[in-house]
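Please read them alongside the coordinates.

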Amino acid sequence: MTIDSARGAPSTGADDASGTPEASPELIQLLTPEGERVEHPDYPLDLTPDEVRGLYRDLVMVRRFDMEAVALTRQGELGLWASLLGQEAAQIGSGRALGERDMVFPTYREHGVAWTRGLDPLKVLAMFRGLSNCGWDPAEHNFHLYTVVIGSQTLHATGYAMGVQRDGVLGTDKAAATIAYFGDGATSQGDVNESFVFASVFNAPIVFFCQNNQWAISEPLEKQSRIPLYRRAQGFGFPGLRVDGNDVFACLAVTRKALEAARSGQGPMLIEAFTYRMGAHTTTDDPTRYRLEAELEAWKLKDPIERVKAYLVRNDLADTEFFDEIDAEAKQYAADLRRRCLELPDPEPMAIFQDIYAEPHALISEEQAQFAAYLESFETEGSGS
Amino acid sequence: MSTDVLTLGKALNEGLRRALEDDPKVLVMGEDVGKLGGVFRVTDGLQKDFGEDRVIDTPLAESGIVGTAIGLALRGYRPIVEIQFDGFVFPAADQIITQLAKMRLRSQGAIKLPVVIRIPCGGGIGAVEHHSESPEVYFTHTAGLRVVACSNPADAYAMIQQSVRCDDPVIFFEPKRRYWDKAPVDRSGEWLPLDRARVVNPGSDVTVLAYGPMVKTCLEAASAALEEDRSLEVIDLRSLNPLDIDTVLESVRRTGRCVVVHEAPVFSGYGAELAARISEKCFYHLEAPVLRVGGFSTPYPANRLEEHYLPDLDRVLDAVDRVMEW
């Protein structure tokens, strides 16, 4: 993509959708892959050394958590895992931009965002271990349930934002923004497009955070779009922008500003975090069947963690001892999670009948009693009576 | 007791008005529900009195309407969604079946989804295609949803308010060809629970089970049958999920004969579930198999043919004859 085509009239061709972000002035970046801080006139960001070290710790911890989950899956302890490898900055940057009252609507890959909200990762592991169909209280950390069907949660997020609007809190200190996570593949879904329509016409306080990781399982971005995804927003009547999704500083600054705008009643915004899915779609996927190793190698050079490390070293903000400490903490954290995961008990059979309805339901009660009696009949046989 | 004669449509309108008055968290949303008052005028005047933030004209996107209603419920609201016609509910099927029905379970009981989805259903009004369907079993087959169908103005008034107060999602079927039927409405608030069936015509020879638009047809059949000295006990099921099976079984054990009537196709229809349950629980009481009267296993026909497709008084009586003569 040339500078002219990026700034000028809508350009043509599939190349434009994925493009090469470095060459494009469209891409908001505050930290280069080499760890060099760059300023952007619209996104000033002042972080204390502690805050930068904190972000580095976040990134390392969630990557280590993710790695452990992949290992647990390989060992048969989880049924499946959707790895966030490569997307840590997009998730930590946007997650750390959130205020306490803001509400998150994740996909099934937002383990990094979950970390920033303080959700016990064991609950996520329990879901992928097959112990629950999710199983947390969204209100506890303002972090909604993982959504498995692609794009459905964007409508829930929009409705929630319409609720915030009706509460009359926008522009006050009780204001809350909503953030909906989704991927590049989801942008083809009707629900995502409908959520753009609803959010736009109701001017709902929502940030649409699209992690464009270039691949929807085996389908590259050009199967979803002929224009860069962030430009879709314009057609719906709200702003869209593209941020370097591997740059935790830029993701933080851009999301923070979008959330503030939403809270103050300025309506929705689309953020396209341009990143890359370094791993497989899930542990059952085999990316060697559809993508080239060279692409992966190119993206390795843009690693979200290495650039923060380089920045810390370059600016004398951290020494070897610091990095060793974080690594040791991450190792310990992963070992602890593994132990706790393996200790998770299987649910009781009667759990099948729980929590389906809020009010009594005759059919559920009837089948529950029948199944309990059936199970009991084996116990009676077993006891020899 | 305060009673008034209202049409079914007006009874719903007043029920919705009460619900909006009783709880500031109640919202009405859908296509054309505002200024127009809905294509059947069921929401007439509500936006004028409760404002655009509570009676919401939405974009024309059914999945979007139900999906955002879920989000509003998560924020503490109690949305009442109008799907304009039965055949338009399918774009919202994913949000209803995959999201709305399962979200409470997915949260292990942490959240409630008090969303009511109103669907005008059934045929008999000479409409174009997709405007006369009976999609109830898609929803009765989905755990997590409650499915109810009103058949008369009094129930319409009560059941819509009971549905709004219910903490579970409720699919609320309205018999569109009965919108203009008039009957007294009881405003006392002392109503039959939402999940209970009602014997609407006591009888002793045959139990006739119906819901929604077919209740009236079955009541007419009961009057006609009397002329031949046949006594039909007509039960309005009202709630399809859960089903008030006890009321049904008590009746069938007395009569020994049962006919089920609905507009939806017979094959894999709601009557199949009733017939199976009755056979299992009343096997030794039955004098004849449970017979089903319903639509054919065809798409709903063009409206010049609908009178042949829809069960009517004669088809109900034909089935009654067959169970009597078995």
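**Notes on salt bridges, interface and cores**

1. A network of salt bridges links A:Arg63, A:Glu88 and A:Asp303. A salt bridge here is a side-chain nitrogen of Lys or Arg within 4 Å of a carboxyl oxygen of Asp or Glu. Over all chains, the search of the whole structure gives 44 salt bridges.

2. On conventions: this is a predicted model, in which local features need pLDDT of at least 70 and side-chain atom pairs count only at pLDDT 80 or more, while totals for chains, interfaces and linings use all residues. Residues are numbered from 1 along each chain as its sequence is written, chains are lettered from A and ligands numbered from 1 in the order in which they are written, and side-chain values use heavy atoms, with hydrogens and water left out.

3. At the interface, 47 residues of chain A are in contact (heavy atoms within 4.5 Å) with 48 residues of chain B. The two chains bury about 3,600 Å² between them, 56% of it on carbon and sulfur atoms; this buried area is the accessible area (1.4 Å probe) that two parts lose on being put together, summed over both.

4. Four salt bridges cross the interface of chain A and chain B. B:Arg277 forms a salt bridge with A:Glu366, with 3.3 Å between the closest N and O atoms. A:Asp167 and B:Arg75 also meet in a salt bridge, at 2.7 Å from N to O. This pair joins two chains, because A:Asp167 lies in helix 8 of chain A and B:Arg75 in the loop between helix 3 (62-74) and strand 4 (78-82) of chain B. Helices (H or I, at least four residues) and strands (E, at least two) are DSSP runs, numbered from the N terminus. A:Asp167 is partly exposed, with a relative accessible area of 26%; the classes are buried under 20%, exposed over 50% and partly exposed in between (1.4 Å probe, protein chains only).

5. Within chain B, the side chains of B:Lys112 and B:Asp167 form a salt bridge of 3.7 Å, N to O. The pair links distant parts of the chain, 55 residues apart. B:Lys112 is partly exposed at 42% relative accessibility, whereas B:Asp167 is buried at 18%.

6. A salt bridge also joins B:Arg146 and B:Asp168, the closest N and O atoms being 2.9 Å apart. B:Arg146 lies in strand 6 (residues 146-149) and B:Asp168 in the loop between helix 7 and strand 7 of chain B, so the pair ties together parts that are 22 residues apart in sequence. Both residues are buried.

7. The largest nonpolar core has 152 residues, of which A:Tyr146, B:Ile117, B:Leu237 and B:Ile278 touch the most other members. Such a core is a set of buried Ala, Val, Leu, Ile, Met, Phe, Trp, Tyr and Cys residues joined through side-chain atoms within 4.5 Å. Beyond four places in sequence, the contacts of B:Ile278 include B:Leu209, B:Val248 and B:Phe283. Another core, of 33 residues, lies apart from it, with B:Leu16 and B:Cys150 among them.

8. Which class does B:Gln161 fall into, buried or exposed? B:Gln161 counts as buried, at 4% relative accessibility. B:Gln161 sits in helix 7 (residues 153-165) of chain B and, not counting residues up to four places away in sequence, touches B:Gly15, B:Arg18, B:Asp22 and B:Trp191.
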